[in-house]
Amino acid sequence: APDFEALDAENHLVRLRAWLGRHRVIVVFFDGEQGADTDGDLIKLRDRYSELKSQDVKVVGVTSVVPQVNREAMERAGGKFPFPLVSD
């Protein structure tokens, strides 16, 4: 896996390296221009996050839009996603 790091919707740096070899990781690439709040895969992962977390699975959504756009999508979805949405 690449040594990937990017800013999340709260402008915090997320480093994939911190999870590798310690957790199972799901990386979802999504169209941020359509919005995280409309992406079916992200919504399913959000809805099942408690189950995934109990199995020590980390989730990260990756898009090319700026963090502010991800924040707006999270607000439309009714709040934060329980995993980072990062901008690359």
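What follows is a short exchange about salt bridges and one threonine in a predicted model.

Visitor: How many salt bridges does a search of the whole structure find?
Guide: One of them joins the side chains of Glu5 and Arg15. Another pairs Asp47 with Arg46. The search of the whole structure gives a total of 5.

Visitor: Which strands hold Glu5 and Arg15?
Guide: Their side chains meet in a salt bridge, 3.2 Å from N to O. The pair links distant parts of the chain, 10 residues apart. Glu5 is in strand E1 (residues 5-8), and Arg15 is in strand E2 (residues 13-15).

Visitor: Is Asp47 buried or exposed?
Guide: Asp47 forms a salt bridge with Arg46, with the closest N and O atoms 3.7 Å apart. Arg46 has a relative accessible area of 24%, so Arg46 counts as partly exposed. For Asp47 the value is 55%, and the cut-off for exposed is over 50%. Asp47 is therefore exposed.

Visitor: What is the N to O distance between Glu51 and Arg48?
Guide: Glu51 is partly exposed at 36%, and Arg48 is partly exposed at 46%. Their side chains meet in a salt bridge at 2.8 Å.

Visitor: Which backbone oxygen lies 3.2 Å from a polar side-chain atom of Thr63?
Guide: Thr63 sits in strand E4 (residues 57-63). At 5% relative accessibility, Thr63 is buried. Its contacts include Asn70, Val86 and Phe30. The backbone oxygen belongs to Phe30.

Notes
Residues numbered from 1 in each chain as written. Predicted model: local features only at pLDDT ≥ 70, side-chain atom pairs only at ≥ 80, totals over all residues. Heavy atoms only, no water. Helix = DSSP H or I, 4+ residues; strand = E, 2+ residues; numbered from the N terminus. Buried < 20%, exposed > 50% of the residue type's maximum accessible area, 1.4 Å probe, protein only. Polar contact = N/O pair within 3.5 Å; in protein donor to acceptor, adjacent residues only side chain to side chain. Contact = heavy atoms within 4.5 Å. Salt bridge = Lys/Arg side-chain N within 4 Å of Asp/Glu carboxyl O. Lists of a residue's contacts leave out its neighbours within four places in sequence.
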